[in-house]
Amino acid sequence: RLLFWGGILLAIGLLIAGILWVVIYSNVFKLKEVRISGETYMTEEVIRDFLKTRAARGIFASLLGPDNILVWPKELSDEDLRELPVLAAVKIDKSYTSRSIEATVTERERVGIWCFAKKEPQRCYWFDRSGILFMSGYYAEGNLIAVLQDRSRDALALGERVLPEHFMPNLISIFSALESIH
């Protein structure tokens, strides 16, 4: 009996060691390529580096490394996306047969520029329909781009909301009304 159970335990141990070797050390799950689509404002390299740092988080990622396809998530959480506010969403498709990742990014839509003019030099940022500041901007004049001058407060950081979310439809409707009367 001892020999029988010992043989079974040895076989199970060898099977587990073999699986671990395939997952950790072999090239079976090693990434060959990370393709990115949907980017407009950001370069592929910036997005690729951002995604690799997200994939490198966690216990399994520290063991397997960011080049292992198993550690990549299917999508990034809102918490992860706060570090790169230009991105509204990222969907990740894994292909185990070709050992590649296809990341489809959705960037925020530019609605207008919000300039904080309480202190010099003023700081301007692009904002989206939900009022999130997502990218550095520049001061603009004219009527092609909606520009708001905020003289009441200091500049906010990227990723923050300029107005509460329930006020943004009113602001967008004002932009639409102004655009309709040229």
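How many Å should the 12 residues of helix α2 span, and how far apart are its end C-alpha atoms? Select residues 44-55 to find out: at 1.5 Å a residue, α2 should span 16 Å, and its end C-alpha atoms are 16 Å apart, which agrees. The expected span is 1.5 Å times one less than the number of residues. Helices (H or I, at least four residues) and strands (E, at least two) are DSSP runs, numbered from the N terminus.

Before moving on, note that this is a predicted model: local features need pLDDT of at least 70, side-chain atom pairs count only at pLDDT 80 or more, and totals for chains, interfaces and linings use all residues. Residues are numbered from 1 along each chain as its sequence is written, and side-chain values use heavy atoms, with hydrogens and water left out.

**Stop 1: the buried face of α2**

Stay on α2 and pick out Ile-47, Arg-48, Phe-50, Leu-51, Arg-54 and Ala-55, its buried residues (under 20% relative accessible area, 1.4 Å probe, protein chains only). They cover an arc of only 165° around the axis, which puts them on the same side of α2; the arc is that of the directions from the helix axis to the C-beta atoms. Now show what they pack against: β1 (33-37), α3 (59-64), α4 (78-81), β2 (87-95) and β3 (100-107). Contact here means heavy atoms within 4.5 Å.

**Stop 2**

β2 and β3 are antiparallel, paired over 8 bridges. Along this pair, look for Ile-92 opposite Ala-103 in β3.

**Stop 3: the nonpolar cores**

Next, show Leu-51, Trp-72, Leu-87 and Val-90: of the 32 residues in the largest nonpolar core, these touch the most other members. Such a core is a set of buried Ala, Val, Leu, Ile, Met, Phe, Trp, Tyr and Cys residues joined through side-chain atoms within 4.5 Å. α2 gives the most to this core, with 4 residues. A second, separate core has 12 residues, including Val-111, Trp-114, Met-168 and Phe-175.

**Stop 4: the other sheet**

Finish with the 4 strands ordered β6-β5-β4-β7, an open sheet with mixed pairing. Its edge strands, β6 and β7 (146-150), each pair on one side only. β4 and β7 run parallel, with 5 bridges; Trp-114 has Leu-148 in β7 as its bridge partner.

Conventions
Buried means under 20% relative accessible area, exposed over 50%, partly exposed in between (1.4 Å probe, protein chains only). Two strands pair if DSSP finds at least two bridges between them.
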